[in-house]
Amino acid sequence: MVRKRRTDLPGAGETSEPQETGEGRGAVQRPPAQHPVHQQGGYQGGGRGRGHQRGGHGGRGGRMPPQQYHGGPPEYQQGRGGQQYQRGGPPSQSRSGYIAGRGSGAPSVGEPSRPPAPELHQATQSPYQAPMISEPIPYGMPTPGGPSSSSESPDLTTMELSEQFQSVSVQSEEPPSQEMQPASSKAMRFPLRPGKGSYGSKCIVKANHFFAELPDKDLHQYDVSISPEVTSRGVNRAVMEQLVKLYRESHLGKRLPAYDGRKSLYTAGPLPFTSKEFKITLVDEEDVPGSVRRERVFTVVIKFAARADLHHLGMFLQGRQADAPQEALQVLDIVLRELPTSRYSPVGRSFYSPDLGRRQPLGEGLESWRGFYQSIRPTQMGLSLNIDMSSTAFIEPLPVIDFVTQLLNMDVSFRPLSDSDRVKIKKALRGVKVEVTHRGNMRRKYRISGLTSQATRELTFPVDESGTLKSVVQYFQETYGFVIQHTQWPCLQVGNTQRPNYLPMEVCKIVEGQRYSKRLNERQITALLKVTCQRPQERESDILQTVRHNAYDEDPYAKEFGIKISEKLAQVEARVLPAPWLKYHDSGREKDCLPQVGQWNMMNKRMVNGGTVNSWISINFARGIKDTMVHSFCHELAQMCSVSGMAFNPEPVLPVITGRPDQVERVLKTRFHDVMTKLPPHGKELDLLIVILPDNNGSLYGKRLLSLEVIAQKFFWKYYVSVPLLEFVFDLSAGDLKRICETELGIVSQCCLQKHVYKMSKQYLANVSLKINVKVGGRNTVLRDAISRRIPLVSDRPTIIFGADVTHPHPGEDSSPSIAAVVASQDWPEVTKYAGLVCAQAHRQELIQDLYKTWQDPAKGVMHGGMIRELLISFRKATGQKPQRIIFYRDGVSEGQFYQVLLHELDAIRKACASLEPNYQPTVTFVVVQKRHHTRLFAHNHNDRQAVDRSGNILPGTVVDSKICHPTEFDFYLCSHAGIQGTSRPAHYHVLWDENKFTADGLQSLTNNLCYTYARCTRSVSIVPPAYYAHLAAFRARFYMEPETSDSGSMTSGMAASRGGASTSGGARSTRVPGGNAAVRPLPQLRENVKRVMFYC
């Protein structure tokens, strides 16, 4: 190894360290103590900085122009609202029964407290009086040119809408005159379970939860201080392991402590001291016998901190205490992680090892390791240990030369590396630990910090004070007798970047056991998913084998703390909810449809409201396919749309043309100009663009690669999406073409891959027609109970259903914004059409910032806006009524963020409503939708054909609200979709606020039935469609942003574009700004005709 004396800093900004995210109840972080969130008007300085903690982002200035949102109808321009929002809700007696029902009184001793937070007030239920509105459009009538709704109002100005919104009176029992006062969040409780559901066919399922007996031990917590301080948990653990080995019998009272790797130590019973200092010497494991081994001396101070009282945990599990004692749960979790941490490679809450099963190559120097997830959870049956199988990518322990050869997928031994090669190698290797191989048995380890800018043969370094230079090649030959072969390659730069050390690649080997945390490419993700995809019976068997292999009854730490784990899967009572009847057009042979095992088809059916396509064109970007074939394909597609119930002109405005993929913008704009010239001057509008793309369409999409999440969705969503897999993924991958169509030209487009043009499958054409219909404003189907107004707490009074999601950049992208998307139903009582709005916000900010906002206009004064307000106005325009109920499905929230998200977003909903009309407070139900959990449900008997679908999974509609659910709160697991391959993952729904007083059966049935209304396919889907649409909208808008300038150029999954402020110039599309605290730049706005439809489908 050569140490260079002068400083040679690597290029900045090429990579960044990944961020860790914690999930699961054991990692809950309470919001820190803070001031009351209600500032004057709810905002700081008139800008967008709210009182809630926002990752360091405060107000953005009172003069900053408001953001405008993509996706809303024309009246979504911010106007001056009604009255100022009056804080508070009805007087306390209107909510006392709700809060008092959760238990009140002084907190118990030792119970963790939450920080001060605004008290949330119950909205009052009021008698509904329907206003006079226009007659509904009969079902079966084609939608003339635009969105169809059961009731429509003429176009209105923003002021007229605001006035009419207020004119539709709401009888309120009492005005919300009370100011919201800051109070302890203990005053707020999540809703208690309103009893268990009984609707549906009862059955027994097995869950991957294992009963854990609550220990009867006196748990003690001790603070640990290790100096000199190190950041590595591995070094900390090595120090404490040595300490326990040396002093357990003599100084620790024979206790076997559990250590979290950082600052805390736990024991089952007290240590014989309150504070003690130890000296621990670690011998460097990187050296070998016979050499001079490095020794490091650490000073360890162990000091008593507190007692972790399991009594309150028992009280919580019995439902006699509202808050889960997180400290006690954390202790038990750490105890059960202690042994596997020493055996395997820990990653988050999972453990991996090449000895745990299939070790498969993923390509480009990576391989998959098998492992298991483990987490202790409080449930109705008591403590439960959740165990699940998992796999992740690790770097193969290869010689660096071989790794680079695989990475570049070519033999580059005898040619110099290109600049792009260097960037790719540096991004892949930065932060990776290697060991040297040129010093015999001395395998010293180093961490790579970069690459040299020069080839190895050009590198020299000073060998004495006089500045005498020696080449790296010469040094290695003279010192180690090692002849460097690949002198044209750069050296690895290791150690401190200020004093870099140089190591030739060929003397380094990658150390085993390093997880690959950077972004995988599509081929690697597909290979990884094939490894992880297991049939339910196989997965269940592996889980049981893992539990037996872990042998918790022999775990010395579990024994020490008195924790006993069952080896049997929990058997849980479940129910299978029936599928809802679906309504189709009366002119079809089948007017109603009852799905079978979560699926149906369009045979003999016509769309309940067919959209209209009068003018359309087609452009072919695929080479090797004739225009005549494209014309034939488009004709067949038009015919399928007509047969399905749409009014579709069989002939295009202009003939099909072929364009070059590298000239997509020029071709689109030229053809659009030609069409506008030919169409009649009055009412001229292009209804649809059909685009044929090559099967490998990366060049059309700015070389954007899909991230792990998207490919995972591609792989697993095909279980319940009938659109062919590649077409479905492609349509998610909206890039330059979608940006140009939707933000510049104002066209809705449908893209089809070249291979489908050749096949011309009827099934494919039928699936595409479903997407086209909703893109042009039609409806495919509605719930029959919705039309007959038989849906409890939805049909009896105007109800709007929201879906919301926030998606974050991939770890390592430290400047990309997070994207929030909100959709809301725009038809009642059908609740089928959803308008969507998106906005960019601060990096990795989970709270949705622009649900409601105010700003100061120099001329008009205080202005009101935000996504909730604009979607409420849109609902009023579409239906002629204002919502009396709000049902809000919120996706993507981990348990540790429940309180923060509810406090912030429910408050924003309240303010948005009150800004439209004084005292307007519709009742709200706020439900979190979770998919990123590890609970799996298995059939009690895998051989019972009546209990499983064709994939061996539990039947769609299976709901569980007992035993493995929360001890007291209103939550349930629902598997609403049928599996195709792999093991189905049920969605977890947790109610955080419920003024509508849903019964368990009511909310479970509503959620399950909505899953059959997803517009893109004839299958029930795995999460409720509003949340699904929010994810699609966010993902679509992400591709309005400029691609990254990195070598991969990839965009992260599930991210959407900013709503932005005023319209931007052509080159100001990116929301990526240097520095994490900089304002998010606006994006180009969607054209008005695109906003009115479900363009994201």
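These legends accompany close-up views of a sheet and of aromatic residues in a predicted model. Local features need pLDDT of at least 70 and side-chain atom pairs count only at pLDDT 80 or more, while totals for chains, interfaces and linings use all residues. Residues are numbered from 1 along each chain as its sequence is written, and side-chain values use heavy atoms, leaving out hydrogens and water.

**View B. Strand 36 beside strand 37.** Here strand 36 (residues 799-807) and strand 37 (residues 818-825) run antiparallel, joined by six bridges. Look for Val806, which stands opposite Ala820 in strand 37.

**View C. Tyr475 with Phe476, an edge-to-face pair.** Ring centres lie 5.7 Å apart and the planes meet at 85 degrees (rings of Phe, Tyr and Trp, the last by its six-membered ring, pair with centres within 6.5 Å; planes under 30 degrees apart are stacked, over 60 edge-to-face, the rest tilted). Both residues are buried (under 20% relative accessible area, 1.4 Å probe, protein chains only): Tyr475 at 19% and Phe476 at 0%.

**View D. Tyr1014 stacked with Tyr1028.** The ring centres are 4.4 Å apart, with planes at 25 degrees.

Conventions. Pairing = 2+ DSSP bridges. Helix = DSSP H or I, 4+ residues; strand = E, 2+ residues; numbered from the N terminus. Buried < 20%, exposed > 50% of the residue type's maximum accessible area, 1.4 Å probe, protein only.
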